[in-house]
Amino acid sequence: MQRTPGLSVRLKLTLSYAAFLVLAGVLLLGVVWIFLLRDVRLRFLVPNLDNLPRIIEPASFGPAVFGTAAAAVMAFLLVFGLVGGWVLAGRMLAPLNRITEATRAVARGSLSHRIRLPGRSDEFRDLADAFDAMVAQLDAHVAEQRRFAANASHELRTPLAITQTLLDVARKDPDHDTGLLVDRLHAVNARAIDLTEALLVLSRADQRSFDDEPLDLSLVAEEAVETLLPLADERGVTVTADAAAAPTTGSPALLLQLTTNLVHNAIVHNLPAHGSVQVVTRAEPDGVTLTVENTGDRLAPDLVSTLTEPFQRGTERVRADHPGVGLGLAIARSICDAHGGTLTLVPLAAGGLGVAVRLPARAA
């Protein structure tokens, strides 16, 4: 934004200090004149340059030199105010200059730059700390977006490369079984569609482009469980739901996506046989909770802490017949964040994973 050049804040503060000091001097001299020299003729109070050397003589005092001495004092106060004000303003605005330099560095793309202003808390240091916190969050967000973009590009490139390979093989071998080729292309295309839809859902959640509606999280959980019961039966997993009323607000579609992702993840990443999944919803004074726990192998805490990152998979938990796209828990976390909630992953002592979602309660 182009602005017309103007006076600097330092110069404005300097002029303000000097003007205040001169005004205080004028008021003080006025009080002296009113209470001590009001009976003296005004012509004796007019400054006279000829009397300037007399004001430093010990024997010279009284009304005759008052005007000249007052003018000399006012000139001294003006110079002292300008010089002292310039120095004081520079010292006061030094932190602001550092903040300005840091802001320009960040504007040039240096998100790793921090102010780290030393000293006790004041307005400037609070501003610097808030700026550092903002840049740190922005740096983390940009790094996550870059990592997400790189991973998304890699994940989308994989099915396209497989499709290209299958087509090249079919072109070189006209007698190749077209039925098998169509089946493979269908599987690869379905994976690409699932990945694209997951990316769209994740983008929608990150942008918070939805309207809040009153809903019951227990009904959402029951719908997700009913939808995934065929998958659970196919894999030999028992799903139980203890859905107590849990009124909240949000997007029904996104919260259904969140619950479906958690239940689907719990079913797919389970024991090879006789596994179980437990889904629980509860209403609490400060919010509502959705808990999804499953059986499975024991998980390392450092692995669990990374499972909500996009395209991050627990390799120990991936089933060869359903690797997924690596966005289920990332989407769940983004939807939870968009609704002002929290998502917590806890490895269970007996094996498996516990996922707890806490959302704000519906206002009365």
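## A salt-bridge network

Let's start with a charged pair: Arg358 and Glu284 make a salt bridge, and their closest N and O atoms sit 2.8 Å apart. This pair ties together distant parts of the chain, with Arg358 in strand E7 and Glu284 in strand E4 (residues 275-284), 74 residues apart. A salt bridge here means a side-chain nitrogen of Lys or Arg within 4 Å of a carboxyl oxygen of Asp or Glu. Helices (H or I, at least four residues) and strands (E, at least two) are DSSP runs, numbered from the N terminus.

Before going on, note that this is a predicted model: local features need pLDDT of at least 70, side-chain atom pairs count only at pLDDT 80 or more, and totals for chains, interfaces and linings use all residues. Residues are numbered from 1 along each chain as its sequence is written, and side-chain values use heavy atoms, with hydrogens and water left out.

Arg358 also forms a salt bridge with Asp286, where the closest N and O atoms are 3.3 Å apart. Here too the pair links distant parts of the chain: Arg358 is in strand E7, while Asp286 is in the loop between E4 and strand E5 (287-294), 72 residues away. Put together, Glu284, Asp286 and Arg358 are linked in a network of salt bridges.

How open are these residues? Arg358 is partly exposed at 32% relative accessible area, and Glu284 is partly exposed at 33%. Asp286 is exposed, with 57%. The cut-offs are under 20% relative accessible area for buried, over 50% for exposed, and in between for partly exposed (1.4 Å probe, protein chains only).

## Another charged pair

Arg125 forms a salt bridge with Asp122, and the closest N and O atoms are 2.6 Å apart. Arg125 is buried, at 19% relative accessible area, whereas Asp122 is partly exposed, at 26%. The count of salt bridges comes to five.

Strand E7 (residues 353-359) runs antiparallel to strand E6 (residues 342-347), and six bridges join them. Strands count as paired if DSSP finds at least two bridges between them. Thr344 stands opposite Ala356 in E7. Five residues lie between the two strands of this hairpin, and Gly351 in the turn has a positive phi of about 110°.

## Two helices

Helix H5 (residues 217-235) has 19 residues and reaches 26 Å from its first C-alpha to its last, close to the expected 27 Å. That expected span is 1.5 Å times one less than the number of residues. H5 has a kink of about 45° at Leu228, shortly before the proline Pro230. The bend is the angle between axes fitted to the seven residues ending at a residue and the seven starting there. Leu228 is one of the buried residues of H5, which also include Val220, Ala224 and Arg235. After H5 comes Gly236, with a positive phi near 70°.

Helix H6 (residues 252-268) has 17 residues and should span 24 Å; its end C-alpha atoms are 24 Å apart, which agrees. Its buried residues include Leu254, Leu258, Asn261 and Val268.

## A nonpolar patch

On the surface, Leu7, Leu15, Leu78, Val79, Leu82, Val83, Trp86 and Val87 form a nonpolar patch with about 700 Å² of accessible area together. Helix H2 (residues 63-107) gives the most to this patch, with six residues; Val79 is found in H2. Patches are made of residues with over 30% relative accessible area and no salt bridge, joining like charges within 9 Å and nonpolar side chains (Val, Leu, Ile, Met, Phe, Trp, Tyr) within 5 Å. Accessible areas come from the Shrake-Rupley method with a 1.4 Å probe; for residues, only the protein chains shown count as cover.
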